[in-house]
Amino acid sequence: MKILLMGNPNVGKSVVFSRLTGVHVIASNYPGTTVSYSRGSMKLGDKMAEVIDVPGTYTLEPTTKAEEIAAQMLNTGDIVINVIDATKLERNLYLTLQLFERNIPVVVALNIWDDTEHRGIHIDLDKLRGILGVPVIPTVATTGQGIKDLVECIPKATSPDIPPHSRDERWATIGNIIDQVQYITHRHHTWLERTEDASAKPLGGAILAIGVLASSFLAVRFIGEGLIGYVLDPLFNNLWAPVILRLSSLLGGTGFLHDIVIGKIVGGEVNFIESFGLLTTGLYVPFAIVLPYIIPFYLVLGLLEDVGYLPRLAVLMDTIMHRLGLHGYAIIPTLLGLGCNVPAILATRILESKRERFIAATLISIAIPCAALQAMIFGLVGARGWQYVAIVYGTLFVVWFILGIILNHTVKGFSPELLVEIPSYRLPSWRTVLQKLWMRVYGFLRGAVPIILGAVLAISILYVLGIFGAVANFTAPVVTGLLGLPKESVTAIAVGFLRKDVALGMLAPLALSTKQLIVGSVVLAMSFPCIATFVVLLRELGVINMLKSAGIMITAALLVGGILNLAL
Amino acid sequence: MPNGKQITLRQMRAGQSGIVFQIQGGHGLISRLSALGIRPGQRITKVGSTFMRGPVTIRVGNAQVALGFGMANKIIVELV
């Protein structure tokens, strides 16, 4: 049996899904968090049932790619759990009526039930059940209240099987239902609601945005540097380095195996960035450089997501984003891209048109460095001075903006206007924030660490075989002539296809000047996305548009690298 | 009760409320707005706007919705 969780965006379907199946999925407080479906299973009586978390949709007449997926999923299910935001009953019932017109059993979960009382909303449950003719269960998915009742009611799901109606007829029916089951009493505004109103004012909103973004950046940097300086560097230098030195002498201090496992040891000291062995650089890069920034980045992002701030930022950024052929909501995939480009490009599905998705995905893969690469930039370029980090970021920002303007004028089609629901501010619980953080950190550890180790291994072997030398000579005119980098750095650019963090690490032993390091960082950030991003680009854009995107990417990377080489 | 004065959503001031009278757009716009609860006969309150012809935020029922400047210009409201 297949159970579909369907409902308007941002009503808590993903939280209900986690409660039912025990499978944890990313849930946030903004419409469009779920852009593809997740599967899980639950026990129903003595049988197992498949549960699917469907992207949110307001109607079964889809307007975005994510809503299209939702409408298609409906044909494959056996039962629908229609999750409704009890504080927005009227609007949510529209989808419910559309579901009733399909021949599929429905059970209604009246979620966010705890919020109705203080908003002065009173709903007569028995009357609502009587009118709808299907089970209606009040739930608070975030605390788990009502979930047990919901599970017990799944077998009682029924299909009212009413004939199709027009839009106006449905709204008339809903008007009738609301008159009978809901009344609203006056109540005072809470401080969260007053903050909501302030965020929608021009000046208050802008000040708040600058404050939020600046403190987010400072928090990430502060926590990241703290973790490196007080925890991970001491751990590696004081505990791990002696072990490595022992192992090195055991392996005889040189030779093929030694070079692969430990790398180059110069002067009896372990240089974790430059030695390029599996147990040295292979562990140091993911755990002591990247992880310390991944943790605070996703902590801050998770808080912003769950509070419900991101759609408000989208509203403020709308005018600027229109210059780039996008609308404000594209800022959400862009911010996700600062963590990892893969979920970011998936998240472009919340945009309405193909043209917007092409522009957004191209801009993200070219000008938005992922957290792993940023951590390396902080580490390597930051060691030369923070003003140089600023040059790298400034360049990428200008590229993002100018390339966006160019794409806006050259890509055919039009970009629709912003139309988005702004969620209520919510105080997230630490439990959910930390759980989401752990999911993302675990995703990094499981997905990235093996690839980093593989990349380091491949590099050591290719060095030993002397293949890099031949390639370096072949590409020297571009790399040295145009970009002003030593010819060996082509190997780093090539490795960038596997992992950007390892690639930037490869520049470390080349004794680059600060200018070369800046050029190298920018070119690495802009040139080919890592293979994981590449696969997602291919899947989301199709072969032809992916090739276009890649062409723009290579041209832009070489052009900007060349300009930087001349200008700095 | 509506006092009969009709203006566009764009012209409304923050804090003003009104009843949606008409949406001067095509089928696509009408159905997208309607899905978000913005349709003739509904009471809406303008919450705020943004600089430089940016989006307008309104409250409809218990929900806040942000919509582009152009759309706000196509929604005719009777002030209450």
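Biologist: Which residue in the turn of the hairpin formed by S3(B) and S4(B) has a positive phi?

Modeller: This is a predicted model, in which local features need pLDDT of at least 70, side-chain atom pairs count only at pLDDT 80 or more, and totals for chains, interfaces and linings use all residues. Residues are numbered from 1 along each chain as its sequence is written, while chains are lettered from A and ligands numbered from 1 in the order in which they are written. Strands (E, at least two residues) and helices (H or I, at least four) are DSSP runs numbered from the N terminus. S3(B) and S4(B) form a hairpin with 6 residues between them, and the turn residue with a positive phi, of about 55 degrees, is B:Met52.

Biologist: How many residues of strand S3 of chain B are buried?

Modeller: A residue is buried if 20 or more other C-beta atoms, placed from the backbone, lie within 10 Å of its own. Strand S2 (residues 17-23) of chain B is joined to S3(B) by 3 bridges and runs antiparallel to it, with B:Gly18 partnered by B:Ile44. S3(B), residues 43-49, is largely enclosed by the rest of the structure, because the buried residues number 5 of the 7.

Biologist: Which residues point the other way from B:Ala63, B:Val65 and B:Leu67 in S5(B)?

Modeller: In a regular strand the side chains alternate between the two faces of the sheet. 5 of the 5 residues of S5(B) are buried, so this strand is largely enclosed by the rest of the structure. B:Ala63, B:Val65 and B:Leu67 point one way, and those that point the other way are B:Gln64 and B:Ala66.

Biologist: Which residue of S5(B) is the bridge partner of A:Val420?

Modeller: On one side, S4(B) is joined to S5(B) by 5 bridges and runs antiparallel to it, and B:Thr57 is paired with B:Ala66. From the other chain, S9(A) is joined to strand S5 (residues 63-67) of chain B by 4 bridges, also antiparallel. Within S5(B), A:Glu421 has B:Val65 as its bridge partner, and the partner of A:Val420 is B:Ala66.

Biologist: How many residues does chain B give to the contact with chain A?

Modeller: Two residues are in contact if their C-beta atoms, placed from the backbone, lie within 7 Å. Chain A gives 29 residues, and the elements with two or more of them include helix H9 (202-250) and strand S9 (419-422) of chain A. Chain B gives 28 residues.

Biologist: Which strands of chain A stand at the edges of the open sheet, and why is one side of each without a neighbour?

Modeller: The sheet has 6 strands in the order S2-S3-S1-S4-S5-S7, with mixed pairing. Inside this order, strand S4 (residues 79-85) and strand S5 (residues 106-111) of chain A run parallel and are joined by 6 bridges. Each edge strand has a single partner strand, so one side is left without a neighbour in the sheet; these strands are S2 (38-44) and S7 (136-138) of chain A.

Biologist: How far apart do the C-alpha centres of domain 1 and domain 2 of chain A lie?

Modeller: The domain bounds come from an automatic or database domain assignment. It divides chain A into domain 1 (2-184) and domain 2 (203-419 + 429-567). The contact between them takes 13 residues from domain 1 of chain A and 17 residues from domain 2 of chain A. Their C-alpha centres lie apart by 39 Å.

Methods
Pairing = 2+ DSSP bridges. Buried ≥ 20, exposed ≤ 12 C-beta atoms within 10 Å, placed from the backbone.
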